[in-house]
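Hello,

Here is the structure I promised to pass on. Please open it first, then read my notes below.

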Amino acid sequence: MRTSVPRPKQHRGKVPTGRASIGIRALKTNASAILKDVRARHITYAVTRRGEVEALIVPVDVGERLLPISQQDQAWDAWEALATTLASETVSKRRSAVAELADIRR
């Protein structure tokens, strides 16, 4: 049984023109069908609450192009690079963490 996607509302000034909109309650009821529609037809929905746009649902490839790499992602990449570098260095004498802490405390 195929669930039909609710028909997008016509825009009346508050919602940007050129984009289908769907109310928050209709989204809650038909989320799976709407996401399938976004993926299959490659369209964007404006999610509205009381006529005001609250969010956008966009296809994943469009969303990834819109979002810049955050500083947290860059920091994580630097951390992984450092961990890889440290792991690749050979240590002639490995010491336990307890021994390292004892040296630090002295």
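The notes cover a salt bridge, the nonpolar core and a strand pair.

Keep in mind that this is a predicted model.

Salt bridge. The count comes to one. Its partners are the side chains of Arg41 and Asp37, at 3.1 Å from N to O. Arg41 is exposed, at 56% relative accessible area. Asp37 has 10% relative accessibility and counts as buried, because the cut-off for buried is under 20%.

Core. The largest nonpolar core holds nine residues. They are Ala20, Ile22, Leu27, Ile34, Val38, Ile43, Tyr45, Val47 and Ile57. Strand E1 (20–23), H1 and strand E2 (45–49) each give two or more residues to this core. Which element gives the largest share? H1 does, with three residues.

Ile57 deserves a look of its own. This core residue is in contact with Leu27, Ile34, Leu35, Val38, Ile43, Thr44, Tyr45 and Val47, leaving aside neighbours within four places in sequence.

Strands. E2 pairs with strand E3 (residues 52–57). The sense is antiparallel, over five bridges. Ala46 has Leu56 in E3 as its bridge partner. The hairpin of E2 and E3 has two residues between the strands. In that hairpin, Arg50 takes a positive phi near 55 degrees.

Best wishes

Definitions and conventions. Residues numbered from 1 in each chain as written. Predicted model: local features only at pLDDT ≥ 70, side-chain atom pairs only at ≥ 80, totals over all residues. Heavy atoms only, no water. Salt bridge = Lys/Arg side-chain N within 4 Å of Asp/Glu carboxyl O. Buried < 20%, exposed > 50% of the residue type's maximum accessible area, 1.4 Å probe, protein only. Core = buried A, V, L, I, M, F, W, Y, C linked by side-chain atoms within 4.5 Å. Helix = DSSP H or I, 4+ residues; strand = E, 2+ residues; numbered from the N terminus. Contact = heavy atoms within 4.5 Å. Pairing = 2+ DSSP bridges.
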